[in-house]
Structures are given as C-alpha cells and as structure tokens.
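Please find below my note on the structure under review.

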Amino acid sequence: MRCRRITAIAIALIAGMLVAHFYAVPLWCWGALALLGLGGACAWRRPGRAGLMLIGVAGLGAALLLLAETRPALPAEESVTLEGTVVEAPAYQEEQERAVLVVQDAALGKVRLYLNAAEAAVAGVRAGDVVRANARLWLDPPEDFALYLWRYGIAASAFADEAAFEPGRVSFARVRDTVRDSIAVRIEALFPRTADLVTALVLGDRSELEDEQNDAYARAGVAHLLAVSGLHVSIIAELLDKTLRKLRMPRGAVLGVVFCALLAYSALVGMGASIVRAVLMYAIAGIGRQMGRPRDGLQCLSAAAVIQLLARPLWLFDAGFILSYTAIAGIQLVGEPIFARLQGRLRHRATRYVVQNLLMSYGACVGTLPCVVAVYGWTSSYGLLFNLLAIPLSVYAMYACVAVLLVGMVWLPAGMLLSGIPEDLLLLLDGLTEWAASLPGGVLFLRTWTAWFIVLVALAAVLASGRLKIPRRAATAMLAALPLLLVGYEVGARLLPQGEVRVVFLDVEQADSAAIHAQGRLYFVDVGERYSDAADYAAHNGGRVEAVFLSHLHDDHAGGLEEVLESVSVGAVYVPAGWENYDVEEDSANALAVAREAGVPVVSLSAGDTVRLSEGVTATVLAPGPAAEGGEDANAISMVLEVRYGAAAALFTGDLPADCEPDALPDIDLLKVAHHGSAGSTSSIFLAETAPSVAVISVGEGNPYGHPAEETLERLEAAGVRYFRTDWNGNIECVLQADGSVFASVEKEGQS
C-alpha cells in the first residue's frame, strides 16, 4: 500500500464490483459503505486510514456497478414506433437477409434494430441519418444477451419489416464513418490482394474476413494481431515519437501531439476497451516522465483500470477489457521478472531479443489463460512459439501499410507502386498462419479454471515478481514452478478418479441435450439444434467427447452434431437401429455426413446393446428393437437409454410416444421426460414401472406447442416425482451416487 497505492485502489475497486455482481446486497448498503470509508479516511489521521480508504473504494465500486447494471424498463406493449438517429451504420446479414443498425430513440434510448430489407435498400444509410419505423420490441431476450447489449448502452432490441430514412445533420459519428469509408476505399485500391486483411489490421474491421481465416489466426494463437490493441498503439506512438523528436520538438509537445493522434485513432476504430487501455497507459507514463516520477508499469496499468472502470463499470465483464489487462499483468508479473534475471547471462543481442520476446509472449499467455479457457474452452498449442515470428512480421507489415497509405493519400500511383512490399509480407504472414493452424495437435482443450485456482496462480505470480520482499531464490523458484502448477491442475482434473456421475441437462430452448460426466469421461445424449450450447460445453470441459448418443434424427436432437464435430474430438456417434427407414431432417443428415468424412464411426444400436462408459458406468439400450419398421415419424424409434452407476440409474427417452414405450422397464432414479413433456408421452404406467424420484423436462420458454402439457405434469405429480424444467431452471445438474441417491442443482431458481 505504501509503494503502490494506485494498485491497491484498483484491486479494492474491482473486488467491490465483483462482490456486488455476485451477491445481492442493496445499493444503499454499498453507498453507505463508500461514504463511511472515504469520509473516515479523510477525517481519521491515525493508523488504519489506508484500510478505511480501501473499504470506501470497494463500496464505491460496488455502488457504481449496481447503478450501471440497472437497465431501463421496457414498455409493456410489443409494438412501438421508433423515431431517432442512426448511431451505427447498418451491418448486413446475408443469411437472414436483414440489416442490423443501432438507433438512438428519444423514448427508449439506444435500440438495436433488425430490419428485414434488401442490402441495396440500406446501402446509403449513414450514421446521423433520421430513421422512422413501426417495430416490434423483443420483450424477453435471454438475460446474458440483454446484459451484453447493455454494456454498450443498448437498452432494447426490435424488429421491423420496413423503415424510412432521411439524411441527417453532420455529427462526429458521421464524420468518423466518412473517414473510415475513405480509408477503406483507398485500401481497396492500394492492396488488391490483401485488402480484407489490411482493413482488419489498420481499422479493426474483420467483417470481410472469411470465417476460415479468422479461425486459422485463432488456432495459430495470433488472433490478437487482428484486433486493434496495444500493439497498434505502440507502433503508432513509436513512429510519431521518433519523427517528432527528429524535428527537435520539446518532449512535452511530443507527448501532447502523440496523445491527440492516438485519441483520434482510437475514436476512428471504435474506442474499444483494449485500445483505450493502451492510450491511457501511454498518457499516464508520459505524464509521469514529465513530472520526474520513475516509471512503474504496474502503477500505470492500475491507474488506467481505475479510470476506465469509473467511467464504464460494465467494462469489467468485457472480454476485450479482461484479456487486455491480464495480458499486460502477465507480462509485468511473469515475463519481465524472468527476463530481468536472465538478461545478464545473455551476451548476444539476437539471443536477448529472442528470449525477451519469448518470455513476454509467455507472460501474456499465462495472464490471459484463465479468461481464454473460460470464453473459448481451448488455447493454441503453438501460439507461444509462433508469436516470435508473427509479431515482428506483422509489425513490419503494419509500418509498411501505414507508409503506403500515407503516400497513396497524396499520390495514388506512387502508393500502388510501393504496395507490393507490405502485401508480400501479409501474404507470408497469412500463409504461415494457415500452416501453423494446420499442424497436428494445434488446439489444446482445457477445463475451465475454478476461482480458487485463479487466485492461487495470481498470488504465486505476484510473490514471484519481486514486487514483494521475498528472497530472490524463492521468487525464482516460484516462477519456475508456475508452469508445473498449471500443468498439474489440468492433469489432475483429467486423470484423478471421480467417484460420481454427473448429468447436466443443457438449456437449449425447444430442443434436447444432456452431457454425461462418467467418472471423468464426457458423453452426450442428443446435442440440440444447430448453434446450440453443446459444442461450447464440450470445448469447456476438456475438448474430448467419447461418444454422442442420438435418440433420433430430428434436428432439435441431432442438428447440433456438426458444430460438436467441428469444435472437439468425438470418438463415436450412436444412432437408433432402423433410422435409415425414417425421414431424416436436413441438419441431422448433414451432420452424419460430416462425421463419416471425419472418420468418426456411426454405429446403430438396438435393444439389448450395452456400451461401457467408464469402469463403473454402463449404458444399455432398451429400445428400439432390431427390426424397426419404416415410417414418417422418427419419434417412434427414439433410443431409450439406461445409464447405470451402482444402484443409481438415469433413463433417457428422446421423443418416445407413450404407445411405443418398452414393455420391460427398469427401476430408475432420474428420468429425462420424453418429447418435451407432451401429452402423448410418459404414461402413468411408464411412471409406475420406472418409479423415478427426479425428472427433467427439456423445453423452450413460450414454445408454440404448449409443452409441457398439463396432463403430463399432473401424472408426474401424482407419481410423486420432483421435476425441473429448463425453461424455468436453465441448466440442470443431477449427481448420481453409487448408493442410488440423486442430488439436483439448478442454474436459476424457477417455479418448480
């Protein structure tokens, strides 16, 4: 606290915000805590004053976050008339044949408008134009999506079939878009072979890049090169700084000019959290030098965080904000201390350069790893080494692109003559990235870190960094042991035996998907529709699915298989016998074709077949029979699967109709209710024979089918079955114990 007060303040501010976010404490309590703490720090002149100040800062952070999270109430009526100004120029979604734009409405605030229109109809719309539309409000969007929009000040989403636009007045947003468009046009003219990549590098606009190209950069571990961030700021700042110093401009004037240029550039590319952090750190460090203060990277980072969070508290949960700060923190706490201890032993300049860049990249990887794993579920295996080549290459390419753009703005033919050099560099970078992404084992799937382990790693990094007074040898040993700590956590999570079986029923709207954790091995029974959560869940839980059981080939049960196959490794796909004799829906058929092309076995199962999931867990098929007849409704051959662990058993029933229920049924503890709880499923006889204690209904909120039917709910209640619903409870986790007991926990409390 005595040496790095701003760092302590930043930690207290963030801690208060996190506590307020995860624990329901009234706003007035946090306000009172802030007043007492900060007021006491001003009045108290004895030891303990610093503690009071930190308590007050934590209360202030919590109060600010709660105020920022409070969204305005939406109107009760769905139909509204939007009349306002276009804030962001339309982005066109070709698959949905609609434009997406942000409108500043006088009554509702910022609204994201989904407009069903041809691309030509919105081609001339610019920021600042006036728009009028009769729209339908989205009154019940998913909570996480609504919070995501609110972080950017967007209060609601609406849909419209037509809208009227009128030219608006000149505004900052209009001028910014005009400048961006003119730069983009000049990029198209100067860089015909790599225009999309140059636009991403210079303007941060990746909308024109192919999905395969974005994926290759992510798998190679260099996706940060395509995001406007601190790397871009450092390149611009260094270029301007050297140029102005050669003109013998005073140091203070250089700082002011460069800061204004960086501010203008950050406004041009959208003022993202990452670039704002970099600009703030540049200004803080420069002001410190002007005042004769020694440079302290941790203090600069902390001061930037405090400024950003006081201005925009919701940035705390923005992935760009988290990745940016954790990357720099990792460099300062891990990369720099290791290099400082090795620097004296590295005699050759080239060796120092390679080792320094390797350690900086390593520090950034360690710092960002918890967030990367939490968001994506995997990290690049070769990113650490590939960055040694990719970063210098991209830096030189950026310098060349900026120089060519400046020349091209003055005289286009000269710019076109010089553009071959940066284009060749970018094509080389692109080719190397595709090669790195194609290497075997390029993606390393990891399990999401627990909170206690994140705190442990952060504490180890701080202790080892030299910021605290501990023996040098102990600090060096801790830095050396940090990789072993990371590897040990992952190996332990994968290899240590687990004495329970967990079944997680995913909230996939009006679809079905359940993940089975069988003593450390992951299986799926159904995977929902396309773009459901099954693929993400698999990626965040080790990246390996031993097998997928598909109850039948309807898209709400099997349509998400293609995304699972593309995201993680799958050992086998099991389908019900006789599925070829029934209609197979389009997404499901495509997914099976992808599985076969990838060499994943597709195996038909019928009554009596058994699959061993782990040493103590088996899956037995009860239906369909081996001689299933053809028909139009594949529900009739839904795979009925019994998963047994000791005395406990779970039964998965797909969309099985009541008149197709097997004759011989086992006694079970957990039931996946058939066909989303429809009236024609889960008969009283079925419930009497199976006698489950817990049942789960996978169902979408407000679905047009009336699921679950009242008759089915009454039968469950009459049988004494405690049931949960994904529309009320979100993800539902049930733990099976070997003694036959079942424990259920839910993501959110509902009405069940």
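**Backbone and surface features**

1. H676 is buried, with a relative accessible area of 3% (buried means under 20%, exposed over 50%, partly exposed in between, with a 1.4 Å probe and protein chains only). H676 has a positive phi of about 60 degrees although it is not a glycine. The residue is found in the loop between strand 21 and helix 23; helices (H or I, at least four residues) and strands (E, at least two) are DSSP runs, numbered from the N terminus.

2. This is a predicted model, in which local features need pLDDT of at least 70 and side-chain atom pairs count only at pLDDT 80 or more, while totals for chains, interfaces and linings use all residues. Residues are numbered from 1 along each chain as its sequence is written, and side-chain values use heavy atoms, with hydrogens and water left out.

3. H675, in the loop between strand 21 (670-672) and helix 23 (684-690), also has a positive phi, of about 50 degrees, without being a glycine. H675 is partly exposed, at a relative accessible area of 22%.

4. One runs from A623 to P624, with omega near 5 degrees, and P624 lies in the loop between strand 18 (617-623) and strand 19 (640-645). Another runs from H707 to P708, with omega near -10 degrees; P708 is in the loop between strand 22 (694-697) and helix 24 (710-718).

5. F22 lies in helix 1 (residues 5-22) and is exposed, with a relative accessible area of 58%.
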